[in-house]
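Please look over the sequence and the fold shown here before reading on. The briefing that follows goes through the model topic by topic.

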Amino acid sequence: MITFVVMIQIVLIGGGNLAGHLASVFSKTAGLQLVQVYNRKLDKIKSFEKFTEITDDIHALVKADLYFICVSDIAIIEVSRNLPHLNGLVVHTSGATPLSVLNTHTQRGVWYPLQSFTTHRVPDFKEIPICIESHNPQDLQLLKQVAELISNAVYEIDSNQRMQLHLAAVLVNNFVNHLYYLGFDFLEQHQLPAQILFPLIKETAMRIHEVDPYDAQTGPAKRGDIPTMTRHLNLIEDDTQKALYKLISHSITQTYGKKL
Ligand SMILES: NC(=O)c1ccc[n+]([C@@H]2O[C@H](COP(=O)([O-])OP(=O)(O)OC[C@H]3O[C@@H](n4cnc5c(N)ncnc54)[C@H](OP(=O)(O)O)[C@@H]3O)[C@@H](O)[C@H]2O)c1
């Protein structure tokens, strides 16, 4: 008996950070076939040749079931509008961009992987939440199918919810990472190794699996310990960092009903 394996054919539009990780995971996932990668500059996607055919000609896009727009958020509308007519589902991958920006396409959706991708680390897609959206049940089903092939965490989320989610992600990832940067820089200025903070960082991140962040809060601002906070502020020279310390301390004291 001959069995036919139905492959979902995918084209990636864009050749940056996310496109690189998606090309890698799509290429090794049974049931998915990466048929082409497009980017406006061909030299930027030479490394994608190991996965599939590449092009810098927007009018040479091949036939596919799904077209993933993986360009910078500010370029999504322009790139979407410049696409030729496509007989397939066109999605973007942005957390902060509504589905409506793809209104010129009959079949449209969003396929947003909620993770911070860098070129330095290979992500485990099985653990990455994939947030999908489409008005058309069949298109939603296709997005779900692709998401479930690579991830164990798939969520149907609309554009308004995704915007809230993206804001929360900025708070817990981008802002926290910036605080890591400031903390490490402060240590370096005082000849202390960054690794000394690693166990504390790990414990803070792991604890929220078991304890609500509200209950997990510790530190001088929660205690209303003004002498310690004053000593800290005297150590900080940079005005923006002083203001940041005061603002976050104020947010903590307000959350726990303390007065400073
Ligand atoms: N990185 C993440 O952690 C992450 C996570 C989830 C979702 N996303 C989403 O994934 C999408 C891509 O992000 P990324 O991090 O991969 O960005 P990136 O690494 O900065 O790459 C940006 C890509 O967009 C292309 N591009 C920029 N402006 C363009 C324009 N005006 N016309 C045509 N192409 C243009 C660039 O082309 P050139 O190479 O020719 O400049 C490049 O291929 C975004 O919507 C982002 O929100 C990213």
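**Around the ligand**

The ligand has 25 residues around it, and Gly-16, Asn-17, Val-71, Ala-75 and Ser-94 come nearest, where a residue counts as near if its C-beta atom, placed from the backbone, lies within 6 Å of the molecule. This is a predicted model, in which local features need pLDDT of at least 70 and side-chain atom pairs count only at pLDDT 80 or more, while totals for chains, interfaces and linings use all residues. Residues are numbered from 1 along each chain as its sequence is written.

- At least two residues of the shell around the ligand come from each of helix H1 (17-27), helix H2 (76-82) and strand S6 (108-113); helices (H or I, at least four residues) and strands (E, at least two) are DSSP runs, numbered from the N terminus.
- With three residues, H1 gives the most to this shell around the ligand.
- By residue type, the shell holds nine nonpolar, 11 polar and five charged residues, with Ala, Val, Leu, Ile, Met, Phe, Trp, Tyr, Cys and Pro counted as nonpolar, Asp, Glu, Lys and Arg as charged, and the others, Gly among them, as polar.

**The sheet and its helices**

- Eight strands form an open sheet with mixed pairing, in the order S3-S2-S1-S4-S5-S6-S7-S8; two strands pair if DSSP finds at least two bridges between them.
- Strand S3 (54-55) and strand S8 (154-156) stand at the edges with a single partner strand each, so one side of each is left without a neighbour in the sheet.
- Strand S4 (residues 66-69) pairs with strand S5 (residues 89-92) in the parallel sense over four bridges, and in S5 the bridge partner of Phe-68 is Val-91.
- H1 packs on the sheet, where it touches strand S1 (8-13), strand S2 (32-38) and S4, and its direction makes about 150° with that of S2; angles run from 0 to 180 degrees between N-to-C directions, and axes are lines fitted to C-alpha atoms, for helices over the stretch in contact.
- Helix H4 (residues 159-189) also packs on the sheet, touching S6 and strand S7 (130-133), and its direction makes about 155° with that of S7.

**The nonpolar core**

- In the largest nonpolar core, which has 39 residues, Leu-12 and Phe-68 touch the most other members; such a core is a set of buried Ala, Val, Leu, Ile, Met, Phe, Trp, Tyr and Cys residues joined through C-beta atoms within 7 Å.
- H1 gives the most to this core, with five residues.
- Leaving aside neighbours within four places in sequence, Leu-12 is in contact with residues including Ala-19, Leu-22, Leu-34 and Phe-68, contact meaning that the C-beta atoms, placed from the backbone, lie within 7 Å.

**Two residues compared**

- Trp-111, which lies in strand S6, is buried because 25 other C-beta atoms lie within 10 Å; a residue is buried if 20 or more other C-beta atoms lie within 10 Å of its own, exposed if 12 or fewer, and partly exposed in between, with C-beta atoms placed from the backbone.
- Not counting residues up to four places away in sequence, Trp-111 touches Phe-68, Val-91, Thr-93, Ile-130, Ile-132, Leu-143 and Ala-147.
- Gln-191 lies in the loop between H4 and helix H5 (198-207), and is exposed, with 6 other C-beta atoms within 10 Å.
- Although Gln-191 is not a glycine, it has a positive phi of about 55°.

Key: Two residues are in contact if their C-beta atoms, placed from the backbone, lie within 7 Å.
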